[in-house]
Amino acid sequence: MILTLFDSSGNIKATIAPNDNSTQDKEIQGDNLLKLSFTLYEFIAIDVNDYVDYEGERYWATERYTPSEKSSMEWEYNFSLRGVESLITRFLVLNNTDGDSEPIFSLTARPIDHMRLIVKNINEGMKALRTFKVGIVASTDNVTIDYTGKYCSDALKELAEAVHTEWWFDGETLNLCRCEHGEEIALGYDKGLTSLDRDMADGAKFYTRLFPIGSSRNIDVAKYGHSRLMLPYGRKYVDVNVEKYGIIHHYEKEAFAGIYPRRVGVVSSVRQKEVKDKDGKPFTIYYFKDKDLPFNPNDYEIGGLVKRVSFQEGSELAGLGTDTDHYFEVNFDSRTKEFEIITIWPYNDGTQLPGGTLIPKIGDKYILWNLRMPDEYYGLAETELRKAVDKYNEQHALDVSRYKAPTDHVWIEDNHVELFVGRRVRLESAEYFPKTGFRKSRITRISRQVNLPSQVDIEISDALSTGVMAKVDDSIKE
């Protein structure tokens, strides 16, 4: 195997013949390293941003390296170059929308908008060494991230956790979805693998009994009998894989916070009224109607609570209002069937909300809360919670078994098999999988001999181990 070392301008710097200790090590949401050992018969310093292309990926030097002098004519090299996954730990996410590089800010936006911001900062940090773009983004719900002093790798980790998925690069494309792609390949002992060993993914989040905590919104304890939304028939938990691993508890609240007895209403008319406050200062009150509202909210009040409205995506008032719940308090006139929005001044500069261009409009969607809903909404919410729990378990209650195996390089070469992280695998073993004879999963980690690319140690798992970068980051935070 002969590799070419380039300088940062793309000029050939040296031709390299790596020895058998050279490896490519890569894992999903972890490091991507090319570890090279070789000998040159002239002195060549490795400079920052020198690079090598290997197996379709580019690896850069991140620090100046000088080799060991073995004689006046022999220089020994042992160093690592890094793929983009390892480089992004160096770049902060900066708010540069106004041409300023501000490291302290918070953003509530769709995941794709977060991804565009992160990729923009990666590209600026890479200084045109490569240009990256956003690929597949698996979610559309708004996410709030505090970017104060946050590096791109940390931001991607937090964003992936918020939408319950993974981040990964495919060449110059950054994706936010489960890393599982490519044509499925069948592997097993004596079928591409020379041995097979099973353990458990390091540090993977794992549970077999989920206690889902429903929201307390629109719940009247006296009427409903519980202080929060329950699963159908009052079930307290849901089991998954208990027969394999025994009982391991997990408590989850945030994932189900948006599920409660509710109705998504639509604004059918809007009016405004100019008034003055007690000091004679003028301001505007906004009113709206929902002609399809099937009940009188005043008949469903919960003692001591003021009715609230949260406007939904598509409205100018979406994501605005009081507190992180983004709500406006409202009154309802039973005679006119009209909501009055209580005006607020949240910015300490005299700007009112609603006001200006940020006002309710016909067609806006809203959710009314802080009241007891009619009975029929509770069964619907319980069913919605159960479906959300099942989906949550599909994404999180993974079998954390990890299968490690070295490949038979002759079989890999004869069958022209490409092995890469994320590749779909049908792992065949009558002993490990007695019911089906196989398990469908994906490759989560590879360690490849540079001189013999078909000789690879692979890991196959549904779950991800806590990578070195994450472990180091967590240790620093602690």
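**Reading contacts, rings and a helix in a predicted model**

Modeller: A polar contact of 2.5 Å joins the side chains of Asp25 and Ser447. By polar contact I mean a pair of N or O atoms within 3.5 Å; within protein, one must be able to donate a hydrogen and the other to accept it, and residues adjacent in sequence count only if both atoms are side-chain atoms.

Biologist: What should I know about the model first?

Modeller: This is a predicted model, in which local features need pLDDT of at least 70, side-chain atom pairs count only at pLDDT 80 or more, and totals for chains, interfaces and linings use all residues. Residues are numbered from 1 along each chain as its sequence is written, and side-chain values use heavy atoms, leaving out hydrogens and water.

Biologist: Is Asp25 buried or exposed?

Modeller: Buried, at 10% relative accessibility. Buried means under 20% relative accessible area, exposed over 50%, partly exposed in between (1.4 Å probe, protein chains only). Not counting residues up to four places away in sequence, Asp25 touches Asp31, Asn32, Leu33, Lys35, Arg445, Ile446 and Ser447.

Biologist: How many helices and strands does the protein have?

Modeller: Eight helices and 30 strands. The C-alpha trace spans about 95 × 60 × 40 Å along its principal axes. Of the 478 residues, 47% count as buried. Take the contacts with a separation of 6 or more: residues 24 or more positions apart account for 68% of them.

Biologist: Now the rings. What describes a pair of aromatic rings?

Modeller: The distance of the centres and the angle of the planes. Rings of Phe, Tyr and Trp (its six-membered ring) pair if their centres lie within 6.5 Å; planes under 30 degrees apart count as stacked, over 60 as edge-to-face and the rest as tilted. The structure holds 27 such pairs. Phe295 and Tyr300 form one, edge-to-face, with 5.4 Å centre to centre and 80 degrees between the planes. Both residues, Phe295 and Tyr300, are buried. The centres of Phe311 and Phe328 are 6.2 Å apart and their planes lie at 70 degrees, so this pair is edge-to-face.

Biologist: Why does the pair of Phe311 and Phe328 tie together parts that are 17 residues apart in sequence?

Modeller: Because Phe311 lies in strand S23 (residues 308–311) and Phe328 in strand S24 (residues 328–333). Phe311 is buried at 5% relative accessible area, and Phe328 is buried at 1%. Ring pairs also link Phe288, Phe311, Phe328, Phe332, Phe339 and Tyr366 into a cluster.

Biologist: Where does the charged end of Arg308 sit?

Modeller: Over the ring of Tyr327, 3.8 Å from its centre. The test is NZ of Lys or CZ of Arg within 6 Å of the ring centre and within 35 degrees of the ring normal. Arg262 does this over Tyr260, 5.4 Å from the ring centre.

Biologist: Which residues of H6 are buried?

Modeller: Tyr377, Tyr378, Ala381, Glu382, Leu385, Val389, Tyr392, Asn393 and His396. They cover an arc of only 145 degrees around the axis, which puts them on the same side of H6. The arc is taken from the directions from the helix axis to the C-beta atoms. Glu376, Leu380, Lys387, Lys391 and Glu394 are exposed on the face turned away from that buried side. The buried residues pack against strand S17 (209–212), helix H4 (221–224), strand S18 (238–239) and strand S19 (249–252).

Terms used:
Helices (H or I, at least four residues) and strands (E, at least two) are DSSP runs, numbered from the N terminus. Contact means heavy atoms within 4.5 Å.
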